[in-house]
Amino acid sequence: MSSKKYILEMFPYPSGNIHMGHVRNYVIGDICARYHKLKGDQVIHPMGWDAFGLPAENAAIQFKTHPRDWTLSNIKNMKTQLQKLDLDLDWDREIATCNEDYYRHQQELFIDLYKAGLAYKKDALVNWDPVDQTVLANEQVIDGKGWRTGAQVEKKNLSQWFFKITHYAEELLNDLEKLKLWPDKVKTMQKNWIGKSIGAEIKFKIVDSDKYLNIFTTRPDTIYGATFIAVSINHPLVNEFLDEESVNKIKSEFSEVDDEKDKIGVDLKINCSHPILNKDLPVYVANFVLDNYGEGAIFGCPAHDERDYEFAKKYKLPIIKVIDCKDEDLPYSGDGEVINSEMLNGLSKNEAIKKVISYFTINQIGKEKINYKLRDWGVSRQRYWGCPIPVIYYEDGSYRVLEKSELPVLLPYDVNLESKGNSLLNLDKWRVIICPKTNKRAYRETDTLDTFVDSSWYYIRFLNNKLGKPFDTEQINDLLPVDKYIGGIEHAILHLLYSRFFMKALRDIYNLKVDEPFEQLFTQGMITHKTYKTSNGEWVMPKEVVLKDGQLLRNKTKELIEEGPCEKMSKSKKNVIEPDEILKSYGIDATRIFMISDSPPDRELEWTDEGIQSSKNLTNRIERYFSKEMTSADLDTEKKIEIFVYNIEKNILNFSLNKCIADIYTLFNYLERKKIYLNNSNLSNKILTCLFPIIPKLTISISKNLFKTDKYEKWPDINDDLLYEDRINLPIQIQGKMITTIETKKGYLEKDILKSIYQLDKIKNKIENKRILKVINVQDKIINIIIN
RNA sequence: GCGGACGUGGCGGAACUGGUAGACGCGCAGCGUUGAGGUCGCUGUGGGAUCAAAUCCUGUGGAAGUUCGAGUCUUCUCGUCCGCACCA
């Protein structure tokens, strides 16, 4: 039964060289792809380049070249390296996102998103990376630092383009359940990132003003315990009531707090009235209120929230208990009976929440509200080397998103990268145009799109990379989702969430029948290596280290080397192994075997010299085996080979590739021990066909010799009769403990087999003078004898 | 703090829906082939008792439970790794 299989590995950033992580990734995918081809499936297995991005700009400055030249030459080099890996890739589907032929279609998609209301522009407080001089998405800020530069991210108010990913928050969350073949870990990470919580939005009236302050809470049941209000320093209210100087003063005070968890605040000297009680609550600016969650404002209920409690203690604010608990348990945030709360007294938490929300709704001071942590995706980047956003601005500040007929907006080649910030800004001959529609002077958008936009739909473009429009609807419906998507876990949120959003957005715009881009996700583990250091802390590459008289020495200088723990291969720690060098000394087949042999593919793989050597020994052994003179094979051999075919197939389908290697050893151990050599028999062909996806080069060279062909045609069909094993070693237990086994035929009669079992010495000794209470016979599996 | 994954020999790891724990590999030890060995072949290898063997005991982080039977299921506990983290 042939079907369509789309097998995809995450495409690489063309940084210059292929590293071992790529090799592992692509070998895993390649084994799948080759297997499916042998099964007669119509396989799509493309490769391309995530070719826009900042490193190219930095490298261009450093090496006095151009981002485009640098990128294209890297692509050329890496393609040569990839081709040495014997990967069965559809190179005619190749794309590079920096090519006009890719990004012009992306500009079209941008226009469609805009028309659908899914792309919009707004002033927003954004994450500014001061080193890269660009805005970052929330997903690209880790621990308050830029994901690439590690620089402390600043907040800036800028007018930016956004994609409305929040429109799909609920669906992105719910559809995680449909992704049965995704790792739970990734799904949980996305779930937490989307961060749905159900609560209420409450309007607090600002005293002596006709304005209101909106606050989101998941605990409206504690409203009677509210004793203050706190807002984030970036809340609009702050700018309204304080001048810039005071705001800056507070900001610097906040940034001086050593421990980020220390709670400090400044009294804004304004009050809000309590929505139910007749009292006023003071409003503070507090450092612990997040501006990017909820409304950027909270009501403080010190008795039942740790942070509010700490804050109230510090600023001597009242603490009112409204959930029944012991005083020493304060702050208590658990469930309990509501007290001190007039209309809610005696209710449980959930009852109280329900009742108070309905009260708010009726009196129009609040309502039920579902809140998500997920924010809209800011896609503007103040960088040159990216996809131009197809928008122009007029002198009056208004803008126009271009028509599709005005595309493409080409990225100009001649730029001065040495200038500060985005070099497009200084390129007036590109930036300034006369709008063909209005004949007015206009300026092109100089921000470019986040490169994660490029990678959000590349798997679609692979389906037809030559089409004059972004994609063909029928083809998408026919060939998507990707059946197996293989890559690193580091994209668990960013790329994989954005791609899911894109698929859904395109579905809605174009009436596609696909909801999710990737049916199965497989995250491969990192490759690690021991680290080596000299006594003065200098990292040393593994190839420079030699073992002499039990001591590790640097081969050139004879310095003593300290061995450190196994860590992810990284340039900075120099614990890297270069694929090119390994290919030279061990060949591609041994390398492919080692990539999958020692650990399951989703776990870490430790690189060892012994490991690659034993992989090499295995390829030598296989080659040697098939060069021996043929001997005759018996039925048992045929059965063993049938089991081998069955296991290899099962293990490839499960991504248990390490077990495939074990299967290979098991088979050859058996054949060689019994001195059965198959030479150019059909059985050889069967074995070699199964080995072909794993070690294509070697198996082809063997088949040229034995069969005078360089092709393997078809994965062997399994003969179930040969898999069936008639004779078994039946384990016998007494009191559930293994005693011995007895050889027998399947389908034995219990009373017959028991007769022979009771004759066995080991059993006889144990049951003498005992009464047999019960015999449990799990037919063809085990017999357990219970005695008193 | 919240969430997730996991804990099996000297090491990497096998063990399908509970049914012979340690497949396979690495390492180690012994023997052999070879002028040589990043080679190859054979044998052994969870721990303990016994000169040795047959044999016996014990054994999947720890404690308890369910079951004829638990690495696998349940509860508690300890530990490791990863992700998120002042999320109102």
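Mentor: Start with one residue pair. In this predicted model, Ile728 has Thr744 of strand E34 as its bridge partner.

Trainee: In which sense do E33 and E34 pair, and over how many bridges?

Mentor: The general idea comes first. Strands of a sheet pair through backbone hydrogen bonds, in a parallel or an antiparallel way. Here, E33 covers residues 727–734 and pairs with E34 in the antiparallel sense, over eight bridges.

Trainee: What is the order of the strands in the sheet?

Mentor: Read it as E34-E33-E36-E35. The sheet is open, has four strands and shows mixed pairing.

Trainee: Which strands stand at the edges?

Mentor: Strand E34 (737–745) and strand E35 (772–778) do. Each has a single partner strand, so one side of each lacks a neighbour in the sheet. From one strand to the next, the twist averages 20°.

Trainee: Now the cysteines. How many disulfides does a search of the whole structure find?

Mentor: A disulfide is a covalent bond joining the sulfur atoms of two cysteines. The search finds zero here. Take Cys32: the nearest cysteine sulfur belongs to Cys660 and is 9.5 Å away. The cut-off for a disulfide is a sulfur pair within 2.5 Å.

Trainee: Are Cys32 and Cys272 buried or exposed?

Mentor: Cys32 is buried, at a relative accessible area of 1%. Cys272 also counts as buried, with 0% relative accessibility.

How values were computed: Residues are numbered from 1 along each chain as its sequence is written. Chains are lettered from A and ligands numbered from 1 in the order in which they are written. This is a predicted model: local features need pLDDT of at least 70, side-chain atom pairs count only at pLDDT 80 or more; totals for chains, interfaces and linings use all residues. Side-chain values use heavy atoms; hydrogens and water are left out. Buried means under 20% relative accessible area, exposed over 50%, partly exposed in between (1.4 Å probe, protein chains only). Two strands pair if DSSP finds at least two bridges between them. Helices (H or I, at least four residues) and strands (E, at least two) are DSSP runs, numbered from the N terminus. Axes are lines fitted to C-alpha atoms, for helices over the stretch in contact, and angles run from 0 to 180 degrees between N-to-C directions.
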